[in-house]
Amino acid sequence: MVQQTFPPYSSSTSKSAPNPIKEWWQGLALPQHWQIWLASGGLVIVPVFFQAPLVRLFPELSFVMTLFWIGLSLLLMRQSWGKLWGDLCLGFSWSWLAGSIYWGWLRWEPVYHLPIEAIALPFVLLDLILRCRRSQNPWGLIGHFFYLGSLLGTAITDIYFYLVNLIPHWRQLMLVEPEFVRPVFQEAIAQIYTPWGGCWAGVLVLLLLLLGLIPLRSKSIPWWAFSGAVLSTLVVDGLFWVAAVCA
């Protein structure tokens, strides 16, 4: 694990105009690692409510918005107080891009889901390898670890769909009209409530908890970003389960 901690950011000693965003974050009185942990979880959960409907109606707009997230991250990283948030936002932009591509144009085929979500994996792994060889300062790792945590949570969820044979229901949901969604959800729930489905659900929930909680023992902020992304997968999966039950 990366054990280097990130020092608190302080503003310049010269007088400058008040920054309401900076003052708001300082007013939270939370340590930086807890702020990053909460923000990481939020960046996994919020797109369920915002990006999901946007990408169905305007996939091109969702795709182009990736440039907005990249621009915002670069803008934040230029500020002494915003380096952590810019770093995190840059990692989020990879997840946003993958979500825009898959749910915008390829959502009818579940097989493509994980490969598209892993679109940035070669770049992230290459950068991590180069950093280890050069013993570089770990700036930029927050976004990488957030992306890896989000991708890992997605992979575990997809594995469950394959193990419990929910892939046919996935395809049906992407093809049927909204008024015919309820029977598909009911069939999927019936499959989950079998001993096989319940057993694997317990195993994978326990795995997500372990992968999400163990990094919290580290003092390194990137690992807290990883933890927030992994644990929030449980929240997202729970929301989909509630939606299926209530359909």
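This is a predicted model: local features need pLDDT of at least 70, side-chain atom pairs count only at pLDDT 80 or more; totals for chains, interfaces and linings use all residues.
Modeller: Helix H4 (59–77) and helix H5 (83–106) are the elements that give two or more residues to the patch. The largest share, 5 residues, comes from H4.

Biologist: Why is leucine 74 called partly exposed?

Modeller: Leucine 74, which is placed in helix H4, has a relative accessible area of 47%. Buried means under 20% and exposed means over 50%. The value of 47% lies in between, so leucine 74 is partly exposed.

Biologist: Why does asparagine 165 count as partly exposed?

Modeller: The relative accessibility of asparagine 165 is 44%.

Biologist: Where does asparagine 165 lie, and what is its phi?

Modeller: Asparagine 165 is found in the loop between helix H8 (141–163) and helix H9 (167–175). Its phi is positive, about 60 degrees, although the residue is not a glycine.

Biologist: What describes the packing of H5 and H8?

Modeller: The axes of H5 and H8 are 7 Å apart and the helices pack at an angle of about 35 degrees. Their crossing is right-handed. From H5, the contact is made by Leu84, Asp87, Leu88, Gly91, Phe92, Trp94 and Ser95. From H8, Leu141, Ile142, Gly143, Phe146, Tyr147 and Ser150 take part.

Biologist: What makes these residues a contact?

Modeller: Contact means heavy atoms within 4.5 Å, and the listed residues of H5 and H8 make the contact.

Technical notes:
Residues are numbered from 1 along each chain as its sequence is written. Side-chain values use heavy atoms; hydrogens and water are left out. Helices (H or I, at least four residues) and strands (E, at least two) are DSSP runs, numbered from the N terminus. Buried means under 20% relative accessible area, exposed over 50%, partly exposed in between (1.4 Å probe, protein chains only). Axes are lines fitted to C-alpha atoms, for helices over the stretch in contact, and angles run from 0 to 180 degrees between N-to-C directions. A crossing is left-handed if the near helix is turned anticlockwise from the far one by less than a right angle, and right-handed if clockwise.
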